[in-house]
Amino acid sequence: MIDRLTCHPPHILCSKQHIVLSVQIGCYLLSLKQTSLLFKLQPLEIICQFQSARNTPSELPGKMDTTLPDASGPSRADMDTAALEATAAITTPRARVPVKVEEPPKFDLDTYIANYTGRTRYDRLYLIGTCSPLLSTDALKAAIAEAKTSKDVSRYERAVRALADVAPTDPDASLDAAWVQETNRYVQTQTERLEHELRGYKNNLIKESIRMGHEDLGNHHYETGDLGAASKAYSRMRDYCTTPNHITSMLFKMVNVATERGDWMSVQSNVHRLRNSQSKPEDAAKNLSKISAVSALSQMHQGSYLEAANSFLSVPPDLGDTYNEVITPNDVAVYGGICALASMNRDELQKSVLDSQTFRNFLELEPHIRRAIAFFCNFKFRQCLDILEAYRPDYLLDIHLQRHIPQLYKRIRTKSIEQYMIPFSRVTLDSMAKIFAPTVVGGEARPTDISSPFVQELVGLIQDGVLNARIDLEKGLLVSNQIDLRAEVQRTTLESLREFNEEAHLRILHAAVLQAGLDVKPEMGEGPGLGKGGRFPRGPGRD
Amino acid sequence: MHHGATSKLYCVRHCLRLRGDERQVMRYERHQMLRIRSMTCQIISYNLSGRNVVGQGKRDESKVWRGVSIPLSDLPTFPGSPNNHHNSPTSHFSTNIHIPTTVGFLLQTSYQTSLLPPLLFSSSSNLESPSYCNPDTTKAKESRNRTHLCAFVAKLSCALLSYLARMTLLSDIISASAHLHSSNHLPSDEYDRRIRELVEYFRRLQTTKALESFANDESFLDRFDPAIDSIPFLFVLRVQIQKVQELNADLYPADIRPSGKLWTRAAHFLTSFDGVQVRYAGREWRLLVELVGQASQAASTPLLGATLVKDAMLRLDPSCAVFTSTHLLLVRLCLQAKAYSCALPVLNKRICHFPISLGRPSSEPSVLCADHGSSVSFMTEASEVSSKISYRDYLQYFLYGGMVYMALKEWRKALHFLGIVISMPSTSSVSLIMVEAYKKWVLVGLLEKGKLCPPPSMTTPHVVKVYQSLARPYIILAHTFERGDLKKLNAEIDAAMGVWSADKNLGLVAQVVAVFFSQTVIKLGKTFAALTMADLPKQVSLCAEVTGPAVSSLIMSRALNATLVQTKDHAESSMLRFSSIHSLPRLSHELDLQSQLKQEMKLMETLVINLGETNNNLGLSDEYVDTLHKGQVWSGSSEVNPTGGETGLEMDEDLMGDMS
């Protein structure tokens with residue numbers, strides 16, 4: 001214990017109060033030492049008491065977790081669910097601006113939806129139905145059919161309402177009241193039955209049964225669309241998991257629920273746990289592809305596109321159709337390709353996307369993405385942007401990509417303008433406009449006028465510091481800034497000298513003020529003459 | 001060459017004995033006023049023209065008797081400067097006698113004896129002597145004259161006695177100060193001892209009121225050159241000023257005010273005193289400087305006072321690195337006089353110290369006259385060069401200094417000064433001076449950098465919170481400025497007009513608007529290489545009529561590095577072409593940069609010296625020693641001895657961390 005003590009002073013002696021405090025602690029520990037000798041207590045326990053007495057746990061080395069596993073008190077599962085609920089409460093009430101996609105998408109609805117399994121089919125169909133006027137009737141009808149096969153009443157009602165808005169005359173647009181009533185009753189009885197069974201298992205205290213009881217209840221909630229209850233039930237399984245396999249399957253279930261809820265923080269943390277779970281090597285390899293795919297998805301949703309791109313690129317090719325309830329290989333190719341385009345420079349794209357052995361398998365599924373990246377790498381920005389523009393409706397109808405497409409496209413565009421500018425010292429605005437704003441060139445009389453949207457876009461880029469160039473409106477040029485290195489060095493030297501001098505002076509003055517006891521203090525009626533007294537606030541601590 | 005006090009006294013006595021008159025008794029006491037027992041004394045008279053003195057006195061009787069009321073200072077001056085005594089007697093006197101009468105009174109001194117064989121006469125008994133009486137006068141008139149003459153001589157001798165005493169004191173002073181001069185080449189500790197003795201001597205004279213006798217002697221100060229005899233000059237000047245103040249029952253009588261007699265003396269002194277000597281009489285120096293400042297204020301000519309105070313400060317301490325109460329006086333005077341550049345020589349020096357009580361009372365006083373690296377070693381609390389300083393004083397000084405720089409539009413330096421004020425360490429409370437400074441800081445930050453500057457990193461967080469709540473209108477103004485919308489900026493300014501005028505910041509706010517336009521145009525130069533004047537207003541959000549002239553004036557004042565080009569097509573407006581960054585005039589620019597770099601280098605060197613000094617002082621401070629000691633005790637009590645030394649070192653670091 002004494003050894004622990006002597007290593008503390010540097011932390012404790014940081015400030016005046018701490019010195020007094022440290023003296024007190026010293027006395028306290030001396031007394032503790034005697035107690036430990038008297039009662040033969042374990043040193044760690046003393047530290048523990050000591051810690052609670054000091055009421056500042058962070059001061060001690062952070063060994064508490066490993067040395068005292070029991071000290072963490074109530075089970076973690078409860079805390080996790082609490083945290084999960086909290087984050088879910090923040091993320092779920094997301095008010096989505098309804099997106100309307102007028103252009104026809106390139107895909108065929110039936111083949112598209114056939115790629116997916118599970119509840120995501122309904123979600124995707126519903127999204128297409130609400131966003132694309134062209135496909136809405138077909139998609140919503142399929143969604144209603146999908147909902148009717150499941151036990152989720154709310155989904156059915158939602159889809160019917162949406163269809164009633166689009167095609168009121170359609171026979172499917174009216175509620176099947178009998179089915180609704182029957183399903184509701186079934187769901188209720190089933191819930192009651194499962195909860196009753198679970199109570200029975202709990203009385204019997206058989207871990208495996210309790211786990212399975214929770215799992216059944218969770219599955220039931222998931223199927224009926226009560227996601228909050230489902231994730232709660234799944235997270236209760238944790239205490240009853242006995243094998244690594246149980247843990248992985250539980251975590252995957254939680255990931256699925258969280259993905260559907262859009263709770264990406266929870267996805268992330270569960271992915272982390274999955275990575276750290278000690279399952280068998282062959283299972284781990286099998287799960288790896290799913291894990292990395294879902295983690296990449298959550299990164300994309302959190303807006304860190306570069307990380308997402310790297311994660312997508314590292315998804316092993318054996319993902320195949322194993323994870324169709326969340327993501328298909330086609331999705332991996334599209335998401336990964338677009339994220340990479342938006343966040344990487346040309347060299348990185350060439351090296352880690354086009355030349356990547358693993359990602360090539362995915363890219364082959366979506367050749368246009370491959371073409372777009374190749375065009376980008378070869379400075380053919382017009383073609384690259386054209387391809388992306390052509391597929392914009394498709395991506396806007398994708399459940400995951402929809403929210404990020406404007407942001408991602410803007411980045412790609414900015415980056416291509418930036419890359420385009422690199423080799424030139426001056427470019428005519430006309431030639432740039434031909435590549436980046438063909439519609440403007442065709443539509444307006446003076447495409448390079450200051451008020452044209454393309455020039456305004458450039459102005460915005462320059463002001464944001466993306467483009468290091470200036471616009472010459474007289475000659476219609478974009479001139480890149482030439483930095484006079486000598487002047488620049490001189491300027492920065494002078495500036496840093498000045499800053500240093502000012503700061504040094506400030507600090508010297510501070511020291512002088514404190515030494516002279518002249519710091520600004522409230523008037524206590526004693527006047528400023530109490531310099532000495534003010535300078536020795538720790539007088540009583542002296543011996 | 002030099003006449004010691006004793007030899008001079010001896011000569012006086014000797015001269016008195018020449019008459020053999022036993023009724024004359026004189027007692028001398030060294031360093032004190034002479035006390036004369038007998039009312040009569042030998043009067044030594046000398047006729048300039050060589051004629052009979054009394055005859056002249058009689059012929060010009062009325063004048064002589066009126067002469068009794070002649071103030072002492074009008075008596076023949078003492079030929080104090082030793083180099084006079086080789087001159088011929090006549091020229092000697094013609095230079096020294098100022099009075100309109102032909103009768104001169106002369107103190108017999110050794111060298112005068114040798115050169116001028118004096119006519120000895122007078123004393124009441126000798127008045128019967130025929131040589132002094134004019135036979136032509138009638139008896140009655142003679143007797144009346146005699147009584148008059150007796151009274152005259154009595155008064156005269158009385159006056160002469162005090163004169164004699166003063167002369168003795170004067171000769172003492174001269175010899176003491178000459179003693180100092182001869183020790184110029186001595187080692188500094190010996191010189192230190194002597195100068196301390198001299199100051200002690202004068203302080204004693206001051207307490208015994210002995211110097212009062214010079215209070216009316218105008219000629220006295222003529223004898224001393226303030227550059228050589230700073231200390232006698234200073235003390236006597238102080239006495240004279242006090243006398244005048246007492247007589248007129250006014251703190252600043254006409255004599256002291258600018259162009260008064262004593263003012264010119266003080267001015268002469270303050271522009272030419274010897275810095276090393278005055279270090280020993282810091283208190284008297286400070287009182288004189290303060291008086292000069294206040295008198296100039298009272299006469300509402302603060303500029304005269306400001307220049308004198310500035311000269312005096314730079315003379316006493318050329319580095320000006322120690323804050324004194326006179327610093328505050330100076331900036332205040334300069335602000336009142338609106339003579340901002342007058343304060344610059346002092347403001348440009350970096351203040352790094354405060355007068356501190358050096359060492360423990362038992363320790364030896366340091367050798368003040370030695371050639372110190374930094375002024376902090378002689379500007380101590382004990383020397384009383386500064387009056388007692390409170391935190392308000394230095395806060396005000398830096399705020400005023402910042403205002404001086406603002407008036408000169410040196411925004412960067414102003415920002416530095418204000419930064420000092422707002423970042424000063426404070427315990428639990430904030431001074432309103434700091435809040436005022438923060439308000440100005442926000443505005444000056446906009447003027448210099450075009451954005452809201454965060455307070456210096458050393459500022460205590462709770463103080464920042466206080467600023468933000470108390471200076472809300474200013475922060476809102478800064479945010480609007482940053483957003484770059486002129487209309488909103490104007491609206492914001494109009495909305496809080498009361499605040500600006502109440503804080504007396506209206507002028508700064510007005511400049512903020514002016515700077516806003518130029519900042520925006522200059523910023524445009526980073527986006528555009530050229531654009532038409534017609535397009536400009538859209539970018540700046542201004543009406544077109546104002547923009548043209550404003551841009552032209554910006555270009556002409558060289559705030560904006562650009563050219564206006566008329567296009568061939570006159571229908572279109574002219575083209576504003578921003579010069580590229582590297583087309584500056586090379587050579588002058590380089591030279592300018594070089595000199596700036598040198599300047600900063602010099603500044604840094606002084607800072608490093610001062611840093612060493614601060615370090616040294618901190619190392620000698622009680623607190624440091626105390627903590628060091630405590631650290632050792634503490635490490636001893638925890639029974640682990642090997643770490644004792646390290647603990648001490650860590651304490652050291654903690655202390656410094658606290659300080660910064």
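Residues are numbered from 1 along each chain as its sequence is written, while chains are lettered from A and ligands numbered from 1 in the order in which they are written. This is a predicted model, in which local features need pLDDT of at least 70 and side-chain atom pairs count only at pLDDT 80 or more, whereas totals for chains, interfaces and linings use all residues.

Colleague: What is the mean pLDDT of chain A?

Modeller: The pLDDT is the predictor's confidence in each residue, from 0 to 100. In chain A, 76% of the residues reach 70 or more, and the mean pLDDT is 75.

Colleague: Is Val459(A) buried, exposed or partly exposed?

Modeller: A residue is buried if 20 or more other C-beta atoms, placed from the backbone, lie within 10 Å of its own, exposed if 12 or fewer, and partly exposed in between. Val459(A) has 17 other C-beta atoms within 10 Å, and therefore it is partly exposed.

Colleague: Which residues does Val459(A) touch, not counting residues up to four places away in sequence?

Modeller: Two residues are in contact if their C-beta atoms, placed from the backbone, lie within 7 Å. With residues up to four places away in sequence not counted, Val459(A) touches Ile471(A) and Thr527(B).

Colleague: Is Lys504(B) buried or exposed?

Modeller: Phi of Lys504(B) is near 60°, a positive value in a residue other than glycine. Because 11 other C-beta atoms lie within 10 Å, Lys504(B) is exposed.

Colleague: Is Lys409(B) buried or exposed?

Modeller: Phi of Lys409(B) is also near 60°. With 10 C-beta neighbours inside 10 Å, Lys409(B) counts as exposed.
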